[in-house]
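I opened my notebook beside the viewer and wrote down what I looked up, stop by stop. Here are the entries, for anyone who likes to follow along.

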Amino acid sequence: MDSFVIRGGTPLAGTVAAASAKNAVLPLIAACLLTDEPCVIRNVPLLADVATMLRLLRSMGVRVVQSGRTVTITARGRLDTTAPYDVVRKMRASYYVLGPLLARFGDCRVSLPGGCAIGTRPVDLHLKGIEALGGSVRLEHGYIHARGPRLKGGTMMLEGHKGPSVGATANTMMAAVLARGRTVIDGAACEPEVADLAKFLNAMGAKVSGAGTPAVTIDGVRELHGCRHAPIPDRIEAGTFAAAACATRGRVEVTNCEPGHLGAVIDRLRAAGAAVETGDRCLVVTMKGRPRPVDIGTAPYPGFPTDLQAQFTSLLCLGRGTSTLTENIFESRFLHTLELNRMGASIDVNGNMAIVHGVERLSSAQVMASDLRASAALVIAGLAARGRTEVLRIYHLDRGYERLERKLAPLGARIERASA
Ligand code: UD1
């Protein structure tokens with residue numbers, strides 16, 4: 001298992017490009033199942049999660065041709081419409097095949113994902129969407145067996161008690177594009193990745209409107225065709241670079257970035273005392289001293305993303321006072337705080353709130369990554385702490401960041417990958 005060895009204490013300085021968004025690419029790959037024509041996705045990040053998704057499609061009999069960052073996917077011929085436990089348990093997003101498989105083949109089996117390190121992650125809203133389209137769902141042997149040979153449009157409220165669901169909105173959209181008649185999803189997730197999926201589906205010939213707002217309308221069409229698409233930039237990766245720049249008191253320009261997708265993040269960076277300039281597809285973040293304490297509550301888009309909560313915890317560990325981070329989307333998403341405390345941070349967790357008493361400096365240590373974003377938080381802490389920090393188990397990080405060390409090193413970070 002690889003680890004990172006970081007010699008921290010150097011302010012990051014320079015320019016770094018964000019990749020295309022992992023969370024946009026994964027549903028796009030699944031959407032390719034909706035047609036037997038080739039779909040071409042460009043600028044695909046070379047991530048472990050993307051590889052897992054492509055492996056899943058190949059295991060179904062889909063032709064996947066990868067040439068650098070361009071992936072051509074052709075779902076032609078007889079396909080095996082089962083997503084096995086072995087893949088789904090590794091990556092919950094493999095659940096995205098449910099909607100497209102049902103829409104095109106009328107029958108599929110997708111393993112239940114099981115627990116996850118950031119808390120229980122139910123699928124009730126995904127199933128609600130399928131049922132609202134006239135599909136039936138049975139749970140058998142740990143698998144969801146969905147049937148719907150003749151899906152038809154329906155109206156539904158897809159918001160759950162924790163707010164809208166990105167995954168359920170995307171899955172239902174993909175199930176509805178080939179259904180007869182009109183579907184209206186109320187309480188839809190507004191994340192930019194949902195809007196990007198709609199753009200992709202429309203390029204395939206679908207009729208989706210309103211994506212990116214809480215009300216999405218889909219008029220079913222008889223069939224879809226191939227298309228070409230380049231996904232939106234990764235707002236979480238951009239936010240991670242911004243937090244790293246501030247924690248090390250540096251100045252970083254993030255290119256291939258859509259500042260319009262980062263409103264709540266930029267707001268909290270400025271509240272913490274960072275200077276943030278935005279330009280056309282770029283963001284420049286400068287931090288001079290220790291951050292001012294701020295309060296952050298995660299929320300569905302356009303609120304502060306839960307996927308940046310851990311990275312901002314690392315930043316606020318160094319604050320000139322007490323900050324709070326309230327996690328409103330996923331329970332148990334504070335595992336990183338235990339490791340940060342081992343690095344000299346002073347964080348108390350009370351229910352879904354982390355109370356962060358700022359300290360002047362973090363001390364380097366050997367730490368263990370527990371999930372994808374927690375890993376990024378530990379890297380940020382390691383970059384800020386003087387001395388040698390080792391972050392173990394970075395396979396979590398490789399799921400969502402492409403060779404992070406190669407992006408950070410040109411910014412002056414002293415970070416190396418060590419293979420055990
Ligand atoms: C996606 C992102 C993930 C991000 C999350 C929230 C991908 C591949 N992953 O995950 O990185 O952290 O959005 O922005 O895009 N819920 C239910 N019932 C359901 C589904 C979800 O109650 O059927 C709840 C969840 O437990 C959670 C909330 O709804 O509390 C939001 O989850 P959701 O938006 O579905 O997250 P994902 O799509 O899994």
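**Entry 1: a hairpin and its sheet**

I began at the hairpin of β12 and β13, where five residues lie between the strands and Gly-210 takes a positive phi near 85°. A note on the source before I go on: this is a predicted model, in which local features need pLDDT of at least 70 and side-chain atom pairs count only at pLDDT 80 or more, while totals for chains, interfaces and linings use all residues. Residues are numbered from 1 along each chain as its sequence is written, and side-chain values use heavy atoms, with hydrogens and water left out.

My element names are DSSP runs numbered from the N terminus: helices are H or I with at least four residues, and strands are E with at least two. I call two strands paired if DSSP finds at least two bridges between them.

Strand β12 (residues 207-209) runs antiparallel to β13, and three bridges join them. I found Val-208 bridged to Ile-218 in β13.

Then I looked at the other partner, strand β11 (residues 182-186), which pairs with strand β13 (residues 215-219) over five bridges in the antiparallel sense. Two facing pairs went into my notes: Ile-185 has Val-216 of β13 as its bridge partner, and Arg-182 stands opposite Asp-219 in β13.

Which order do the four strands of this open sheet take? I read β10-β11-β13-β12, with mixed pairing. The edges are β10 (155-157) and β12, each with a single partner strand, so one side of each has no neighbour in the sheet. Neighbouring strands here are turned by 15° against each other on average, direction ignored; for such angles, axes are lines fitted to C-alpha atoms (for helices over the stretch in contact), and the angles run from 0 to 180 degrees between N-to-C directions.

**Entry 2: another open sheet**

I moved on to an open sheet of four strands in the order β2-β15-β17-β16, with mixed pairing. At its edges I found β2 (13-17) and β16 (275-279), each with a single partner strand, so one side of each is left without a neighbour in the sheet.

I followed β2 to strand β15 (residues 251-255): they pair in the parallel sense over five bridges. In that pairing, Val-16 stands opposite Val-254 in β15.

**Entry 3: the ligand**

How many residues surround the ligand? I got 20, the closest being Asp-124, Leu-125, Ser-165, Asp-307 and Ile-329; a residue counts as near if one of its heavy atoms lies within 4 Å.

Next I listed polar contacts, meaning pairs of N or O atoms within 3.5 Å; within protein, one atom must be able to donate a hydrogen and the other to accept it, and residues adjacent in sequence count only if both atoms are side-chain atoms. A polar side-chain atom of Ser-165 lies 2.5 Å from an oxygen atom of the ligand. For Arg-92, a polar side-chain atom lies 3.3 Å from a ligand oxygen atom. Ile-329 uses a backbone N or O atom, 2.6 Å from an oxygen atom of the ligand.

The protein covers 89% of the 740 Å² of accessible area that the ligand has on its own. These areas come from the Shrake-Rupley method with a 1.4 Å probe, and for residues only the protein chains shown count as cover.

I also checked which elements give two or more residues to the shell, and they are α5 (124-132) and α6 (166-176). α5 gives the most, with three residues.

At 16% relative accessibility, Asp-307 counts as buried (under 20%; exposed is over 50%, partly exposed in between, with a 1.4 Å probe and protein chains only). The Asp-307 side chain makes a polar contact with the side chain of Arg-333 at 2.9 Å.

Is Glu-402 buried or exposed? Its relative accessibility is 14%, so Glu-402 counts as buried. I found Glu-402 in the loop between α13 (395-398) and α14 (404-408), and a polar atom of its side chain lies 2.8 Å from the backbone nitrogen of Leu-46.

Helix α1 (residues 22-31) has nine of its ten residues buried, so this helix is largely enclosed by the rest of the structure. Lys-22 is among the buried ones, as are Ala-24 and Pro-27.

My last stop was Arg-414, in strand β24 (residues 414-418). Arg-414 is partly exposed, with a relative accessible area of 49%. Arg-414 and Val-5 are 409 residues apart in sequence and 8.2 Å apart in space, C-alpha to C-alpha.
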